[in-house]
Amino acid sequence: MVTQASGAAAAAVAPEPHEESSSELNRKLTNPVSTLWSLSNQFNNYKLDNGHWNNSWNFQPVLPVSLTRDWNLITRLVMPFYNIVPHETAPGQFDRTAGLGDLTLMELLSPAGSGNWILGAGPTFIFPTATSRFTGQGKWQAGPSAVVGYLTKGFILGVFPQQWFSIGGDADRPDTSQLNLQPIASLFFGDGSHVGYSGNILANWKASSGDVWTVPVGLGVGKVVKLGRLPVKFQLSLQYMPVRPRNSGQEWNVQVQVTPVLPKLIKGILFE
């Protein structure tokens with residue numbers, strides 16, 4: 001059973017990441033409200049319905065801190081870098097754009113003593129940091145996020161939704177209302193590996209009928225290995241989207257993820 005450490009004594013004796021088993025680290029890295037610090041690098045290679053490819057790198061730090069004996073605050077950032085974004089310049093003609101995307105920031109407040117249960121809730125934001133109109137939406141966005149799940153030594157099941165509404169930004173860009181719903185389901189094995197569902201269900205509530213949903217069916221395999229004293233998780237996933245927007249929707253995705261574990265720079269409890 002994996003539980004969150006609580007209290008000053010527990011925090012003081014918590015093992016360093018390199019001292020934990022690969023299996024324990026794998027479970028913690030799959031848990032959205034784990035107390036591990038990590039730097040996830042997610043490389044997505046989308047084949048679009050129009051036959052073109054969209055390639056991106058999502059840099060995703062996860063930085064939890066213990067606010068009190070009973071509550072943890074998990075800061076999750078997503079900074080996308082787009083290598084190729086195809087966009088139509090004339091009927092049947094496409095150009096490509098590379099650049100920075102919009103930054104996503106989420107703050108999850110999670111109880112430290114929830115046992116096998118995974119619980120958390122808090123605000124989520126999108127900032128218009130994109131360097132091109134083709135790599136971002138040009139809107140300040142905010143909304144709620146939550147996570148609920150159940151974690152054991154053998155499996156994890158859960159769901160992780162985020163909803164954003166536009167609250168400002170470029171008046172020439174359309175308003176936004178969008179959902180990112182991440183199902184979590186994996187089986188763990190004793191050697192630090194796992195197999196499970198992969199994909200994020202997306203909904204664009206402002207889109208026309210038939211273009212609202214992107215629903216992937218995906219499978220991912222992953223394993224934690226230790227490179228010297230540095231634990232790193234490697235994951236490979238394949239996703240197919242049977243439900244997707246017409247014309248330029250995502251059809252396939254080949255995803256590679258590399259996640260090194262970091263020593264915590266903020267240790268102990270902030271507010272005794």
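Buried residues are those under 20% relative accessible area, with exposed residues over 50% and partly exposed ones in between (1.4 Å probe, protein chains only). The model is predicted: local features need pLDDT of at least 70, side-chain atom pairs count only at pLDDT 80 or more, and totals for chains, interfaces and linings use all residues. Residues are numbered from 1 along each chain as its sequence is written, and side-chain values use heavy atoms, with hydrogens and water left out.

**View A. Helix α2 and its burial.** Helices (H or I, at least four residues) and strands (E, at least two) are DSSP runs, numbered from the N terminus. Helix α2 spans residues 22-30 and is largely enclosed by the rest of the structure, because nine of its nine residues are buried. Among the buried residues of α2 are S22, E24, R27, K28 and T30.

**View B. Pairing of strands β6, β7 and β8.** Two strands pair if DSSP finds at least two bridges between them. Strand β6 (residues 117-127) runs antiparallel to strand β7 (residues 139-151), and ten bridges join them. Nine bridges link β7 to β8, also in an antiparallel arrangement. Three residues lie between β7 and β8, which form a hairpin.

View C. S166 is the bridge partner of Q141. The side chain of S166 reaches the backbone nitrogen of T176 at 3.0 Å. Beyond its neighbours within four places in sequence, S166 is in contact (heavy atoms within 4.5 Å) with K139, W140, Q141, D175 and T176.

Technical notes. A polar contact is a pair of N or O atoms within 3.5 Å; within protein, one must be able to donate a hydrogen and the other to accept it, and residues adjacent in sequence count only if both atoms are side-chain atoms.
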